[in-house]
Amino acid sequence: NVAEIFEVEQPYIRQWNLSLQREIFTGTAVSATYSGSRGVNLTRIVDANIPVGVIEADGRRFIPRNSPRPNSAFGQIQARQFDGYSSYHGVKLGLKRRFRSGFAYQLSYTFQKFLDNGSNYTGSPGDFNTSNTRGMHWKDADVDKGPSAWNTPQTFSANASLDLPFGPGRRFGSGAAGAWGKVIEGWQLNTLLRLADGPAVEINQGGNRMCNFCDERPDLIPGKTNRPNTGSPNRWFGDPEDNFEPSERGYFGTLGRNTGIGPGIATVDISILKNVSVGEATRVQFRAEFFNVLNRTNFHPPERSRESFGRGSGTHPNASFGAIFETATTARQIQLALRIDF
């Protein structure tokens, strides 16, 4: 039914949130925020001419080999249809503290859950998108329900700022004057810590065991984990046959969408600022910024090696399954800058 496939519904999203903030001590405030959203009639890409098949007694869809397409005059028909959806729930907790001495810090923790049936993490070095995610079947939107590519279950960040107590009127060097006073005054130290879980990653299989267009997934071996993680960039998901096996021909694989979890991110940035007032209207600022100061290697998700079993028959384990070829952040970088405001 072509009208059923190409019927267009207006996509829309509902959003809601509730925020509470309170100062519990002088200079100290806590906050709590709940946010939610619901996306309806979102687009997803499907093969609109894949055979319908039959629904068996256990509820699984089965498409026998050589089943006729709904429109026998065409082969694959790549189409967008408006049966996608999403849901998001997240809680963010925060703490801010400021001291009279010029020291301040802020902590933020977020716990969230984001589900949908049409997003992916792909590209190099990595992008979130919906346009290249191919649904398994145009009649089965729910079979692709899973963690969104934007789903990062937990994130934590902390930043701090300290005005160093040097210079005229400060704790150290209060009597300094002239050029020496200008040298030791106006220094500030800042740091930022960021920690985040890895993104959801689709684990695929090759071989076109059900369709030529959709992103097929393998079967999960009973009792095995659907989110293997060795911690090694050479084999992030381990060997394919440790947890998965090729899906039965004509059936959707039993592994859910986006069950894999990519590497998390941890970075520490530091900056040193020096402010100097020149006259009444001019200020000179020197900045030395150190990004990823610990030089930690943050790996990119295994985007180009998610295929668990090779092409052709789709029964041979992929030798490069779970291999990581790129990093998600740069190595340590140092940046120097001079700024003049007048």
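**Salt bridges**

What do the side chains of Arg235 and Asp239 meet in? I looked and found a salt bridge at 3.0 Å, N to O; the term here means a side-chain nitrogen of Lys or Arg within 4 Å of a carboxyl oxygen of Asp or Glu. Before going further, I note that this is a predicted model, in which local features need pLDDT of at least 70 and side-chain atom pairs count only at pLDDT 80 or more, while totals for chains, interfaces and linings use all residues. Residues are numbered from 1 along each chain as its sequence is written, and side-chain values use heavy atoms, with hydrogens and water left out.

My cut-offs are buried for under 20% relative accessible area, exposed for over 50%, and partly exposed in between (1.4 Å probe, protein chains only).

The structure holds 13 salt bridges in total. I picked out Glu248 with Arg60, where the closest N and O atoms are 3.6 Å apart. This pair links distant parts of the chain, 188 residues apart: Glu248 sits in the loop between β14 (244–245) and β15 (260–261), and Arg60 in the loop between β3 (54–55) and β4 (61–62). Glu248 has 42% relative accessibility, so it counts as partly exposed. Arg60 has 24%, so it counts as partly exposed.

Next I looked up Asp144 and Arg217, whose side chains form a salt bridge at 3.3 Å, N to O. Here too distant parts of the chain are linked, 73 residues apart: Asp144 is in the loop between β8 (127–129) and β9 (146–147), and Arg217 in the loop between β12 (200–201) and β13 (219–220). Buried or exposed, these two, Asp144 and Arg217? Both are buried. They also belong to a network of salt bridges that links Arg44, Asp83, Asp144, Glu202 and Arg217.

I followed β2 (residues 28–47) to its pairing with β5 (residues 78–98), which is antiparallel over 18 bridges. To count as a pair, two strands need at least two bridges found by DSSP. Asp47 has Gln78 in β5 as its bridge partner. From β5 I went on to β6 (residues 103–116): 13 bridges join these antiparallel strands, and Lys96 stands opposite Gln106 in β6. The β5–β6 hairpin has 4 residues between its strands, and Gly102 there takes a positive phi near 100°.

I also looked at Arg97 in β5, which is partly exposed because its relative accessible area is 26%. From Arg97 to Ala328 I get 231 residues in sequence and 32 Å in space, C-alpha to C-alpha.

β16 (residues 265–278) and β17 pair antiparallel over 9 bridges, with Ser277 opposite Arg283 in β17. These two strands make a hairpin with 3 residues between them, and Gly279 in the turn has a positive phi of about 70°. Another 9 bridges join β17 to β18, again antiparallel; Glu289 has Gln335 in β18 as its bridge partner.

Most residues other than glycine have a negative phi. I noted Asn41, with a positive phi near 60°, in strand β2. Asn292 has a positive phi near 50° and lies in the loop between β17 (282–291) and β18 (333–341). Asn292 is buried because its relative accessible area is 4%.

**Surface patches**

Which residues form the nonpolar patch on the surface? I list Phe286, Ile334, Leu336, Leu338, Ile340 and Phe342, with about 730 Å² of accessible area together. Areas come from the Shrake-Rupley method with a 1.4 Å probe, and for residues only the protein chains shown count as cover. Patch residues have over 30% relative accessible area and no salt bridge; nonpolar side chains (Val, Leu, Ile, Met, Phe, Trp, Tyr) are joined within 5 Å and like charges within 9 Å. β18 gives the most to this patch, with 4 residues. Phe286 lies in β17 and counts as partly exposed because its relative accessibility is 32%.
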